[in-house]
Amino acid sequence: IVFSGNGPSGICLSYLLSGYTPYFKRHSLHPHPILQRKLEEAPEVSVLDQDLEYLSEGLEGRSHSPVALLFDTLQRPDTDFGGTAESVLTWWHEPDRAIPHLVLGRNAPGGAWHSIEGSMVTLSKGEWMGLPDLPFKEWLKQKKRGLKNNRATAEDIAQYYQHYVVKKGLQKNFRCGTVVTSVRKVSAESISNHTQKDLQEDRDPVWSSHEKSAEVFQVDGFFKTVGGHKEPFSIYAENVVLATGTYDNPTWLGVKGENLSYVHHQLSALEEAVKSNSVGIMTDPVLIVGAGLTAADAILFAHHCNIPVIHVFRRRVTDPGLIFNQLPKTMYPEYHKVHQMMKEQTAACAGPYEHYISLPEHHVLSFGKDKKCIFQDKNGCQKAYKISMALVLTGSNPNLSFLPNNGTDLALDSEQPVNPKRNPIDVDPFTYECTQERGLYALGPLAGDNFVRFVQGGALAVASSLLKKANQNPP
């Protein structure tokens, strides 16, 4: 089994496939009485071997995935009500149940968390960022640190995920510095004489070719060596798990001049500009396009550095779909501040915030070579502003260029590109196997699960399905 992606989804699945097995903890009490009764029916049978559809029936919460809700409530029974009830799971290491697998990723374990500016604070509560059987809060205590406002920094999260892989002994399954370029189905016969190129010195059963199936997946890519060389590899696997997340491909506006050197699509460009002193209090303003949390992070960062900002976004400030209108003010004071700035400091109405202008219900028409940017409002009126740099922060899409047709054939709407919010990959809700391609699984944002606390349910579903396929110790 090969996974493409080594973020929280891939780490959690590796844990479950390494023989770590969840059981209902005897004498524990779950606040959901019907679920409690179901768990008591077969406490000696691992949750992985039980009927996940039956266990998750009737659960409600902040995810559309029944299995995500199930695994979340087993680990954090009353967290949505502010409770701190202990997990009702106990974990046993049963090495004979382990399934050989490889986790391929560009970065260190933790995926995109290594690409996010380290001081950024997570949207989710810190304890929701934890993985099975190693509470994030406990790890943070060992570092003599606490959670500010119940939330954690991106640097903490990235370090925790790396620590988790080491602590749980999963390193042997991880190959960092790898880039997957192609995943395609081939006939098992055509590869029977083919010798696989090893990525590691000691031969390992993980790398042996399985020929039980008529068709297998061929996974091609390259491995970046310490010297900077690219070493190609080909692996054959009966099952492939897509867990690449969506951080790779920032969304473009598709307007004239967007490819000019002063127009950027990642927050890190602003951090670099501040470090090099190419923007500051005396320069022309920085344009920030977008009304999501990444745009808000950019505004907070610019505000902290006294950099003037023009903020353009298409929605009304009062639009209920705007993320700021969905966040509790007490838990997210900094995002509430950005929302206030958006409301109170428009171009037409000066407010109390220096160096910031909000242009709601506007969109960018073009970027000029002279760094002049043209905007248009909902009535068709146009405005021009001179800027020092532009940050287009309107979301991102997964990079699935390694799949035939960029993975579009796997999506709910096969006419449109895969999008984590609008058009995820179509998977079976209780196995996370792609409905259009047997043996191929999708996890995390690719399957529509966008929060770390909920991607773990997908990992449970995949592990359960793969264990049943392997027919190891059936219940």
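1. Start with pairing: two strands pair if DSSP finds at least two bridges between them. Helices (H or I, at least four residues) and strands (E, at least two) are DSSP runs, numbered from the N terminus. In β16, C373 is the bridge partner of F367.

2. A word on the basis. This is a predicted model: local features need pLDDT of at least 70, side-chain atom pairs count only at pLDDT 80 or more, and totals for chains, interfaces and linings use all residues. Residues are numbered from 1 along each chain as its sequence is written, and side-chain values use heavy atoms, with hydrogens and water left out.

3. Now the whole chain. It has ten helices and 20 strands. Of its 475 residues, 53% count as buried. Buried means under 20% relative accessible area, exposed over 50%, partly exposed in between (1.4 Å probe, protein chains only). The chain exposes about 22300 Å². Carbon and sulfur atoms supply 50% of that area. The areas come from the Shrake-Rupley method with a 1.4 Å probe.

4. Next, contacts, meaning heavy atoms within 4.5 Å. Take those in the chain with a separation of 6 or more: residues 24 or more positions apart account for 68% of them.

5. Five bridges join β15 to β16 (residues 372-377).

6. Is S366 buried or exposed? S366 counts as buried because its relative accessibility is 17%. S366 lies in strand β15 (residues 362-367). Leaving aside neighbours within four places in sequence, S366 touches K256, K372, C373 and I374.

7. Finally, the cores. A nonpolar core is a set of buried Ala, Val, Leu, Ile, Met, Phe, Trp, Tyr and Cys residues joined through side-chain atoms within 4.5 Å. The largest has 79 residues. L13, L242 and I425 have the most contacts inside it. Helix α10 (residues 452-470) gives the most to this core, with nine residues. Apart from it lies another core, of 32 residues, including A269, L270, Y353 and L393. In soluble globular proteins, nonpolar side chains tend to be buried together.

8. Beyond its neighbours within four places in sequence, L13 is in contact with F3, V241, L443, A459, V462 and A463.
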